[in-house]
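Reader: I would like to go through this model with you and ask, term by term, what each label rests on.

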There are 2 protein chains.
Amino acid sequence: MKVLHTADWHIGKKLHGYDLLPDQAYILDQIKKIAKEEAVDAIVIAGDLYDRSVPSEESVRLLNQTIADWNLHEGFPLLAISGNHDSATRLATGAPWFNQANFHLHTRLAEAFTPIEMADTQFYLLPYFEPVDARIYFEDPELRTIQQAMPKVIQKIEESFDPAKSHVLVSHFFVAGSSKTDSETKIEVGGLDGINGTLLEAFDYVALGHLHGKDALKLANARYSGSPLKYSLSEKDQTKGVWIVETETGEFTFREVTPLHEIQELQTSFASLLDPTFYSAIDRENYLSILLEDRAVIPNLMNQLRQVYPRIIQVERANGFETAVEARLKTENIKEKSPIALTEDFFMDVSQNELTTLQKQWIEEGLHTILKEGGASECFRRK
Amino acid sequence: MKVLHTADWHIGKKLHGYDLLPDQAYILDQIKKIAKEEAVDAIVIAGDLYDRSVPSEESVRLLNQTIADWNLHEGFPLLAISGNHDSATRLATGAPWFNQANFHLHTRLAEAFTPIEMADTQFYLLPYFEPVDARIYFEDPELRTIQQAMPKVIQKIEESFDPAKSHVLVSHFFVAGSSKTDSETKIEVGGLDGINGTLLEAFDYVALGHLHGKDALKLANARYSGSPLKYSLSEKDQTKGVWIVETETGEFTFREVTPLHEIQELQTSFASLLDPTFYSAIDRENYLSILLEDRAVIPNLMNQLRQVYPRIIQVERANGFETAVEARLKTENIKEKSPIALTEDFFMDVSQNELTTLQKQWIEEGLHTILKEGGASECFRRK
């Protein structure tokens, strides 16, 4: 049978403070369209549906609507597990009623050992679990790490294999040798570095969640789907999408998705960033990481940039700030200047305009009053 | 048909800091037993299933288990609404799948107008709503209060009445003339005092939630079920339980429940509270409000009481503390006493024992050392 494999939705996640819910609703809609185009027989969601154990009401609304639409309205069977970001208990709400509609949501280790049988395939839904869950389930106080527990888990799963069928494992953990990005939470693995991939050899396909890059792991029979959106700057060059898997043959192909707003890096000067000929040529709605080529301090920088670019996630200097020597020279220069000259400089810095004759006159009168009252420091007495 | 009417479970509520989850699990089990004894055709839950919009994981677990047990295992049809303490959005998780199992959970005003038809009865499940919900639903910006909205709501409900059937309204609001306790949150009612009971006349029975006393309202065809547990000291004399309703005749009878731990008031002296002949005659596990007859300051009072009584919710003085004059006289007396005599008094106060000869000797030596070192105040030099 043909399944769509996705994971790591992280509904409710923010990117440098920006609410991603509209981006997430947009991308989930694209995934649904792919499922319909491909006419898949089921959709697999390999954990981290939510970004937090206590998601916001808006996040709950988006997941509830999405899942009800896919399963009840569109009629897709769903096979889902909880990830390390989900609260297994909260996510399980409603689960006992879902099965009737071919929506299988497993949140406890004990549920992993009963296969979901669909057409020619046995699906094993193994949610994220902690070593303590394995100790309790296997009544074995020696199981201190996931690495120690996993062989027992896989062995027990294999006991119920029907040799006439294909076998798909849906799970959420770190497989040794995979490559990470900045946006995944590291699972505690008892000092070891993930699960050995050879443990997974008995499955025709392993639909993994946890790592956000689709190429994080390249076993013949296992893939991370990756997150459907770029959830950190380190993911900016990743291709996002879902796997379409033929469970009989174990073949899989990738279908790309296109985000509502891309993550983009810009490197140029402050002046060109504010130049319409520059910014009319790019998508200003993107999430932008800006590398400024200027070296001087720019007053009111972020406010000015945000008037043109609504989604700035980072601003850094390509060449650093001016050196300490340069800055000191400027300071010495300041010491030579009269109060009225300094005020003119400051006005120019902030407003990009020269003082008018009338403005100059007001400032001179103001400075004169201060000096007369004797409240000003030595600095003001230079003229 | 025969229904059981309950409400205001407030799962997760604490009583003066004490976790009530074990009490709530215990009482919900009793309600299930009553439903089975009475062989009811459905169970009505009229809002405030949770105490907070974001319940704890333990609260979520208890509600999920209870509801799955009652509906899927015991086979009871359930008719439930969200109350003002529930987050409608969070509570709605799973609801689209529940209907198949005859579990109807309404959390939005719009859902109130489609009756749930069961046997001879039409049930209208009207969840708690805010005036803004009515403004949007009826597209009428003039609806500023629940009082203004409710006639339109009831009128619209009555439009779908099947005259051949009985009509039951399940709702969660404050009906004018009802009597409150301390543990309900007051609904904002735009300056008016609740809904007029005459609005409810068309229904054979109105199953209400919100107020915690079963006798808060006495209309011929409407009742609050009250909370199944006493959620404040002001509810200590209330009888808790559920209504068993015959929807054809509109007749209802009350079935009492017995809590795991009662709320109890004790009035006596500190000495008798710590006297085994006193406390062996009462249930020390109860939630206790203690009225102390003593007037003196009692050092370490709460710690001493808690060693005997694990669930003290309040300690007050029946006769107040000793007066300022009495206290001053004692202070003056203190000024006349030697350090060793003061120490003896203090030891007696705290331990209820006299100092032994050896203890007295140690104290005298200690005081002597202090005086020799010259660090003591004038007070210590009296002997």
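Reader: What makes you say that helix α1 of chain B lies across strands, and which strands are they?

Author: The model is predicted, so local features need pLDDT of at least 70 and side-chain atom pairs count only at pLDDT 80 or more, whereas totals for chains, interfaces and linings use all residues. Residues are numbered from 1 along each chain as its sequence is written, chains are lettered from A and ligands numbered from 1 in the order in which they are written, and side-chain values use heavy atoms, without hydrogens and water. Helix α1 (residues 21–38) of chain B lies across β1, β4 (42–46), β12 and β13 of chain B, where contact means heavy atoms within 4.5 Å. Its angle to β1(B) is about 165 degrees, on a scale from 0 to 180 degrees between N-to-C directions of lines fitted to C-alpha atoms, for helices over the stretch in contact.

Reader: How do you know that β1 and β12 of chain B are joined?

Author: Two strands pair if DSSP finds at least two bridges between them, and four bridges join β1 (residues 2–6) to β12 (residues 241–246) of chain B, running antiparallel. B:Leu4, for instance, has B:Ile244 as its bridge partner in β12(B).

Reader: Why are β6 and β13 of chain B called edge strands?

Author: The open sheet has the order β6-β5-β4-β1-β12-β13 in chain B, with mixed pairing, and β6 (103–106) and β13 (251–256) of chain B each pair on one side only.

Methods
Helix = DSSP H or I, 4+ residues; strand = E, 2+ residues; numbered from the N terminus.
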